[in-house]
Amino acid sequence: MKTVSTATTHPAPSQTGDRPPIPLVRPTVEPDSALLSRMDEVLRSGMLTNGVWVGRFEEAVAEYLGVRHAVAVSNCTAGLMLVLRSIGRGKDVVVPSFTFMATGHVAAWNAQNVLFADSDPRTWTLDPAACAEVAPAAGAVVGMHTFGAPCDVAGLQQAAGSHTPLVLDAAHGFGSRYPDGTMVGSKGLAEVFSLSPTKPLSAGEGGLVTTNDDSLAQELRTGREYGNPGDYDARFVGLNARMPELSALVGLSALERFPHWLERRLSLVRRYRRNLADLPGLTFQDVPEGARSSYKDFGVQVAPEVFGTDRTQLAKSLSGEGISTRFYFDPPLHRQTAYRSETAPAALPVTDRLSERMITLPLYSHMPEHDVDRVCDVVRRAHVDGFSHAV
C-alpha cells in the first residue's frame, strides 16, 4: 500500500523577488454595468430566491448545451445527490476512485454501496473494461469527465448494461464536447455540473443538472425544494438545494462571455503542451479524437526515472519560484479514511499510479501567456537539475 500524502496543495510564497506569484486557479469574472444593475434590482426586490433569473439562466444553459432541461441547484454535490436519490436506496453504485471525494459521497449519502473501478491510463477517466468487472449487479454507474475530458459514455453504458442508469459527474466539463460533436451535458440519465469559483464557467457557487428525461427534471425541481411541489405536502425527502438569484445572474453573465473564455483557456493549454512536449518523462492527458476538453485543470504525470526528479521535488521547485501547484487526486477515494474498511482496498493500479505521479499546473482563462512560459521554464530547469544532481 502506498504512503498517503498529507499535503497535496502547494501554494506559492506571497512574493518572489520582483515577480508576482502565479496562483493555481483564479475565477474569471467581468462585471459590467448591466450585471451590476440587475443585481441591484434583485436586492431591492426582496426576491433573492425563486425569482425570474434562475429560470432565465436554466433556459440559456439548455439552449447552449442542446438539452431539454437544465435544473439549477445550489451546488454540484446536491445535484448528484438528487439524481442518485431517484435511482433508489441500497443499490450498488460504480464510481471511479480517481476523482474528487464528492463523487463517492453522493452515493454514500443515499445509503448506496460504493464500488470503485479503475481508470483508463490514457484518458484518466473511468475505464469501461474495469467498470464491467463490477457493474453487472450495480444499480447505477457514475462516470466522471476528469479535468473536462469526456469519458467513454458508449463504453460505460455497454459495461453497465442497457437497464442500468449512467449518471455523469460533469463537474469539470462545462464547454466540453463528445467525439460525436454534441456538448457534454447531453448524455446518460443526467449530467451534473459545478459552477464553483475554480470551474471554467462559474456562478460563484452553484450547480446544474442537465437531462432529456422530463419526469426526472420535474423530480429534481421538486427535490431542490425539500420535496415540496408547492402545497407543503412533501412527496419525498428532498433538500434545500435552490440556486440564489444573484448566482444565476453571475452565471448568466458568464455564459455570454464563455465561448471567448474557453477558447482563451484552450490556447493556453496548447501553449503548455508545445513548451513541454520535448521533455521526457511528462505525460499529458489524451482527449478522444474529435472531442474537446474544457481543461478545468492542466494535469501532467511525472515519471521520475525518466524526467530526472519526482513530482514532489518539481512542486518544491515551482513553489520556490512563486508558482502554485496541486496533487490531484491524492489520496484517491479508495484510500481515503472515509472509504477504508477492514478488508484490503481494491486493486486499482492505474488509479494508484495516477495519484502518485499527477501534478496540476496553474491554469485559468485570463492567465497571461508569459506566466505559462514562466511555469514551463521552471519545469524545464527542474528536469535539467534533476539529471545533473543524479550524475
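Is cysteine 76 to be counted as buried or exposed, and what is its relative accessibility? In this predicted model, cysteine 76 has a relative accessibility of 8%, and because a residue is called buried when its relative accessible area is under 20%, cysteine 76 counts as buried.

The cysteines also raise the matter of disulfides, and a search of the whole structure finds zero of them. A disulfide would need two cysteine sulfur atoms within 2.5 Å, but the cysteine sulfur closest to that of cysteine 76 belongs to cysteine 151 and is 13 Å away, which is too far for a bond. Cysteine 131 is also buried, with a relative accessible area of 0%, and the closest cysteine sulfur to its own, again in cysteine 151, lies 9.9 Å away, so that here too the distance is too far for a bond.

A last stop is helix α7, made of residues 214-223, in which threonine 222 lies. Threonine 222 has a relative accessible area of 9% and is therefore buried, and, if its neighbours within four places in sequence are left aside, the residues in contact with threonine 222 are Gly227, Asn228, Pro229 and Phe236.

Note on methods. Residues are numbered from 1 along each chain as its sequence is written. This is a predicted model: local features need pLDDT of at least 70, side-chain atom pairs count only at pLDDT 80 or more; totals for chains, interfaces and linings use all residues. Side-chain values use heavy atoms; hydrogens and water are left out. Buried means under 20% relative accessible area, exposed over 50%, partly exposed in between (1.4 Å probe, protein chains only). Helices (H or I, at least four residues) and strands (E, at least two) are DSSP runs, numbered from the N terminus. Contact means heavy atoms within 4.5 Å.
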